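Please keep the sequence and the structure in view while reading.

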Amino acid sequence: MRQILLILLLFIGINSKAQCVFGESSTITPLPPYQPGDVVTVTYNMNNFTGIFINWIHAFQINLSPAWINLTPITTPLNPAGSAGSWVWDLQHTFIGGLNWGPGWRFDNTGNVDWGTSSVGPFTMTFSVEVGPTCTNDNLNINISVTDDCTTGGWTGGGGACCSDPAYNIYNGVVQIPPIITTNINHY
């Protein structure tokens, strides 16, 4: 009996920490290093989303360090074989469960506005961002967080086990400050 109980507890423990996001990759062009004024294009891909207890994918949040400016969406993720609705670009959104989220794409489900999409992917999206003006080696970090409709408060039928995948790191670096070149000062 104890062995069965131990196996059940291990199974529950393993499932409660299960990951929902699979096959993430990204490209970034041009390649670093980056100086103030450089515009960078990022493409993010996720092959598969498998939610816990029928949780559905609801949002992609883009997380940038403050040295980046002018975040601009280029291509929106598709919704292959998913629920009725579409991906919407938002700079900020507060979900029904109180989660303050953004910027990024969130799924606007036309059947139930608080649910995500039943699509498991693949998902691809592209955005651009610019290195802001600075004269210091500021941090340039980019990552993406994937959120399910359990976390947003839209789906409560999963028994409280939401997806908790870590943010996917796209880039970690610093601003490269070009050297200041001055001409000689001649004193007469």
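## A cysteine at the surface

Cys135 counts as exposed because its relative accessibility is 68%, where exposed means over 50% relative accessible area, buried under 20% and partly exposed in between (1.4 Å probe, protein chains only). The model is predicted, so local features need pLDDT of at least 70 and side-chain atom pairs count only at pLDDT 80 or more, while totals for chains, interfaces and linings use all residues. Residues are numbered from 1 along each chain as its sequence is written, and side-chain values use heavy atoms, with hydrogens and water left out.

## Two disulfides

A search of the whole structure finds two disulfides, a disulfide being a pair of cysteine sulfur atoms within 2.5 Å. In one of them, the sulfur atoms of Cys20 and Cys163 lie 1.9 Å apart, and both Cys20 and Cys163 are buried.

The other disulfide joins Cys150 to Cys162, with 1.9 Å from S to S. The torsion about the S-S bond of Cys150 and Cys162 is about -60°, so this disulfide is left-handed. Cys150 is buried at 11% relative accessibility, whereas Cys162, at 24%, is partly exposed.

## An open sheet

Four strands, paired in the antiparallel sense, form an open sheet in the order β1-β2-β9-β4; strands are DSSP runs (E, at least two residues) numbered from the N terminus, and two strands pair if DSSP finds at least two bridges between them. Because β1 (21–29) and β4 (68–75) stand at the edges with a single partner strand each, one side of each is left without a neighbour in the sheet.

Five antiparallel bridges pair β4 with β9, residues 123–131, and Trp68 stands opposite Val131 in β9.
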